[in-house]
Amino acid sequence: ILKMGLNCDLRVLKPEAYGAGLVHFTGSKEHNIALRSYCIKKGMKLDEYGLFQAKTNKLIACKTEEEVYGKLGMQFVPPEMRENTGEIELALQKKLPEPVGYEDIQGDLHTHTNWSDGANSTEEMVKKAIALGYEYYAITDHSKSDIVANGLNEKRVKEHFKEIDKLQKEYPEIHLLKGAEVAILNTGKLDYGNELLKEMDIVIGSIHSGFKTPEKEMTKRLLSALGNEYLTFLAHPTGRLINQRNPYEYDLEKVLETCTANNVAVEVNAFPSRMDFDAEHIRLALQKKVKLVINTDAHSTQNLDFMEFGIAQARRGWAKKENVLNTLPWKSLEKQMQK
């Protein structure tokens with residue numbers, strides 16, 4: 001039993017069965033059932049101890065996961081995609097899409113500093129972003145209505161932007177983007193006026209209040225915000241906090257269609273207590289041709305390491321590199337954001 005209360009099983013396997021063990025324990029139950037059913041049709045059997053010939057019980061070499069799928073005549077299925085949602089059929093046809101990779105992200109576009117509710121200074125966050133090898137990095141503290149988060153009024157925003165300009169000169173190896181996580185008010189308007197928004201490189205729209213607003217009203221609120229010409233992307237777009245708060249309700253399809261029409265991206269939030277969108281939402285967004293952006297929503301330098309969780313979530317939704325805005329190199333991102 002881990003200190004956090006979860007049960008954890010430790011399984012030790014022989015090297016020759018290790019690949020089969022990984023397939024067995026990292027796939028969902030549904031994926032495993034479908035995979036084993038396919039094995040039976042092919043005169044084989046698969047369990048955590050290996051892939052075997054059914055008649056002779058002879059172990060077929062499967063030291064790695066790739067080898068297991070290869071012996072089954074399949075393209076390798078990444079662990080995040082093992083949900084029995086069509087991946088086995090596509091793997092047999094060698095047509096499984098390659099999901100966004102863990103090394104593909106070029107920058108984090110949603111982060112906070114101690115100007116609002118972050119734990120670290122702007123410079124400390126920038127230095128960590130450089131250490132992570134990012135090409136670009138956005139500083140996006142909370143807007144004035146988020147009083148609990150020490151949101152910035154217009155005067156403080158401009159003061160912060162001066163500090164960011166100064167840091168840009170000190171750290172020319174990374175492109176620093178000035179922005180804000182701007183509250184979407186109950187009226188659907190953004191928390192800052194357009195005069196200030198147009199000075200920003202990144203404008204993030206977020207719901208931080210009225211989570212129990214009826215679906216129709218929440219949809220109207222979001223659609224109104226999406227009409228703002230300066231909005232770059234919609235952050236943590238379900239509002240859920242795992243085991244703490246349910247998602248707010250709105251017409252997701254209509255909102256996603258409006259995002260596409262208005263060139264507004266949607267965030268896959270990597271913060272462990274959020275982890276939204278989920279896989280189903282991501283696949284719907286891709287169907288609607290919505291651009292995704294994977295961010296940590298970091299409130300400390302340590303939080304910047306959360307990026308891998310967001311990437312994993314995007315992979316579960318079958319997002320490819322070209323679907324994710326912040327996989328672009330700087331010059332391409334700059335052009336894309338101008339749209």
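Predicted model: local features only at pLDDT ≥ 70, side-chain atom pairs only at ≥ 80, totals over all residues.
Reader: Why is glutamate 65 called buried?

Author: Glutamate 65 has a relative accessibility of 13%, and since the word buried is applied under 20%, glutamate 65 counts as buried. This residue lies in helix α3, which spans residues 65–71.

Reader: What is glutamate 65 in contact with, leaving aside its neighbours within four places in sequence?

Author: Contact requires heavy atoms within 4.5 Å, and by that criterion glutamate 65 is in contact with Gly19, Leu22, Val23, Thr26, Phe76, Pro79 and Arg82.

Reader: What makes strand β9 mostly covered?

Author: Strand β9 comprises residues 265–269, and five of its five residues are buried, where buried stands for under 20% relative accessible area. Ala265, Glu267 and Asn269 point one way from the strand, whereas Val266 and Val268 point the other way, and all are buried.

Reader: What is found between β9 and β10?

Author: Four bridges join β9 to β10, residues 292–295, and these strands run parallel; as pairing needs at least two bridges, β9 and β10 therefore count as paired. Asparagine 269 has asparagine 295 as its bridge partner in β10, while glutamate 267 stands opposite valine 293. Within β10, Leu292 and Ile294 point one way and Val293 and Asn295 the other, and all are buried.

Reader: Why is the unit made by β9, helix α10 and β10 called right-handed?

Author: The term applies if, with the strands pointing away from the viewer, the path from the first strand over the helix to the second runs clockwise. The unit of β9, helix α10 (residues 279–287) and β10 is assigned as right-handed, so its path runs clockwise in that view.

Reader: Why are β1 and β3 said to stand at the edges of their sheet?

Author: Three strands form an open sheet in the order β1-β2-β3, with antiparallel pairing. β1 (44–47) and β3 (59–60) each have a single partner strand, so one side of each is left without a neighbour in the sheet. Four bridges join β1 to β2, residues 50–53, and aspartate 47 has glycine 50 as its bridge partner in β2.

Reader: What makes up the lining of the largest pocket, and which element gives the most to it?

Author: The largest pocket holds about 590 Å³ of space, and of its 30 lining residues the closest to its centre are Asn263, Gln336, Met337, Gln338 and Lys339. β7 (202–206), α9 and α12 (330–338) each supply at least two lining residues, and α12 gives the most, with five. By class, the lining has 15 nonpolar, eight polar and seven charged residues.

Reader: Which residues lie nearest the centre of the second largest pocket?

Author: Of the 16 residues that line the second largest pocket, Asp117, His142, His208, Arg274 and His299 lie nearest its centre. This pocket holds about 280 Å³ of space, and its lining has four nonpolar, seven polar and five charged residues.

Conventions
Residues numbered from 1 in each chain as written. Heavy atoms only, no water. Buried < 20%, exposed > 50% of the residue type's maximum accessible area, 1.4 Å probe, protein only. 1 Å grid on protein atoms, 1.4 Å probe; cavity = no way out; pocket = protein on both sides within 12 Å on 5 of 7 lines; lining within 4 Å. Points joined across faces, edges and corners; volume = space filled by probe spheres on them. Nonpolar A, V, L, I, M, F, W, Y, C, P; charged D, E, K, R; others polar.
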